[in-house]
Amino acid sequence: MENLTVNTPVRLYGTPAEAVEQAALWRPGDPFPLLAGPALDRFRRVVGEELPAVEVTRRAGSVVSTGGPLSRAAGRLLAVATERPHRHVDAAGLADAVAGGGLVAVVGLASDLAEARDWPAAGNPRTGVLTGRTPASLLCLVYRTLVPEAGARDGAFVVSNPFHQDELEADAVELAEMDRLFTERNQLVVYHLHGRECSAGMPDAVICGRSDDGVPPSGPLPEGYRIPSCLRGGGCYRGDLAEDQRIRAMDLNAVLVFSQSCSTVAVGASAFPPEVSLGSGFLEGTATAVIGGLGSHMAEPGLEREVRDGMASGLPLGDIVARLNSGEGGHRGGMATFGLLGDPGLVLKAPAEGVTPPPVTPHGTEGTEEALETLGHLNDTVLPRCERLPWLELEGAEEEFLGLRRRIRELAYRADAPDLPAQAALLAEAVAEAQHGLIRQAAAAAQREGADFLGDSSPLFDQEAREEIPCAGCGLPRAFRIRLRHRVDRSLVVHTEQCRRCGDLHWSTAESPGTAPYIRGPVDFSADRRSATVLTREIVNPGPRTVRGAAGFAFQTRDEPVLPSWTSEPVEIPAGGVYRFRVPLDLPAYPSVRPDPHTGQVMALLDGVCLLSPAVMGLA
């Protein structure tokens, strides 16, 4: 046991068992029990050698801990210091323990919370999770939560990508502009970056969730996860960056982190191993709390204003996150879902400075009747669907569709012509080929830039319905189906299925999904880069008529020749039929590909219904 100073407000213990024993006896006014570790060292660097004392401050809500004795002890410390009731449950009972509408702080080691198998706040949007990868970091997080703004600069700092709308107001859009985050602790740090569960990326850097030096583990790899390249010994998946361009999240100081990137928060529903989670990486540093994207996240510039307004109004963090997720005012269509890592009962001061970007607004020959019915279907159903696709950034064919409409009118005016059936069939082929052109364009764009189904129209969608469903990927009941409707083009409806673990499952613009085509197949599939393989997906047509168009596939490679290039083909599926879409992958021809989860997109456009479904290749 070590005293940091005479009459110190904290006391270090040599083993977790000693700290647990003292935590069971701790009372306000006693030295706060801690363990030595990097998290405490970093906190001391920003607050100075004289660590602050814990003062009892009543907070709303309750505390629930899960896991072993250390997690129970950390939960008790938080509850006693904030005058809240505390209960300890096993992982299986966690969901029931937090259900309801109150502010619930869940406390547990990352390894304990992984046993919950879902985001603990799934049944209560005002829940926050305090977690650490080690006993030392969890106790230090509880301590920082009780002295949350110690050593903080009363300001805000915004990091953004140069192609985002808030780029001109950002404090940093490249690595060289982030120096302040390594030396000072801002009240609020905003990250508006693209990312995945283990990282958030900038053009010249990657913010990494790992809290070690990046060396692959010596033991066996954990099962049931998407294993990133770094844990396989292949280095960071960002092969375009050098090691000194990998920034550990724990080295970036903050009181509150607000991150608009996918899966920043992934506790309990991690697709990647917990030791690489970005949000948990911030908590291994000086951050007191992280508000971050939960699963697939469609960022909206200016949301940090809502966070700042909530802080200025004296709202606890749990209420701020619940308000962000409420969809009030029509924001985000429910596709920017946030989770809270931190105490939901904590009230923080609003930063004096910060970026607040503006929010972003019947006659004829035999076959005539069948031919007219075909023209009617093209005119009333297929072409209107296709003409709505520019809202989803499928552009470039508008003039072609206008020309096809003119041909429909011309044929309709000559309904008595003997060649009408043949001409209607040729027109249907032209409409199918126009759709194929859009799929070729979409596949090439997905390879170059990735696939974003809603694109910049995301803020223009309102959520109309949401229901919980079993996940088609992992098979567990932690997915949901959402129906969205465009605010301006009210005829544009989007259905999506999302899993808190697997992310995107399916997107569709079908008005009536029960009779519309859909893509069927698992999200994840395994492959060996030494062997050729075939990706197979089924495109099902449960409807009463034949559908025509095209299907395509692409990996996101930034057009670098590290994986097979995009592909597409015409598709025709009879009523009630199934089309097997096969994509040969000659992996041995790409020896430089990294052994990493590689996300591809299976896409289709059939009778104007646009479909998108990811395929994650776990490459060994």
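## Aromatic pairs

Rings of Phe, Tyr and Trp (its six-membered ring) are paired if their centres lie within 6.5 Å; planes under 30 degrees apart count as stacked, over 60 as edge-to-face and the rest as tilted. By this criterion, the whole structure contains seven aromatic pairs. In one of them, the ring centres of phenylalanine 43 and tyrosine 143 are 5.9 Å apart and the planes stand at 90 degrees, so the pair is edge-to-face. It links distant parts of the chain, 100 residues apart: phenylalanine 43 belongs to helix α2 (residues 38-47) and tyrosine 143 to helix α6 (residues 135-146). Helices (H or I, at least four residues) and strands (E, at least two) are DSSP runs, numbered from the N terminus.

Phenylalanine 43 and tyrosine 143 are both buried, that is, under 20% relative accessible area (1.4 Å probe, protein chains only). Ring pairs join Trp26, Phe32, Phe43 and Tyr143 into a cluster.

## Basis of the model

This is a predicted model, in which local features need pLDDT of at least 70 and side-chain atom pairs count only at pLDDT 80 or more, while totals for chains, interfaces and linings use all residues. Residues are numbered from 1 along each chain as its sequence is written, and side-chain values use heavy atoms, with hydrogens and water left out.

## Sheet β10-β11-β12-β13

Four strands form an open sheet in the order β10-β11-β12-β13, with mixed pairing; two strands pair if DSSP finds at least two bridges between them. The edges are β10 (194-196) and β13 (246-248), each with a single partner strand, so one side of each lacks a neighbour in the sheet.

Strand β10 runs antiparallel to β11 (residues 199-202), and three bridges join them. Histidine 194 lies opposite glycine 201 in β11.

Methods
Buried means under 20% relative accessible area, exposed over 50%, partly exposed in between (1.4 Å probe, protein chains only).
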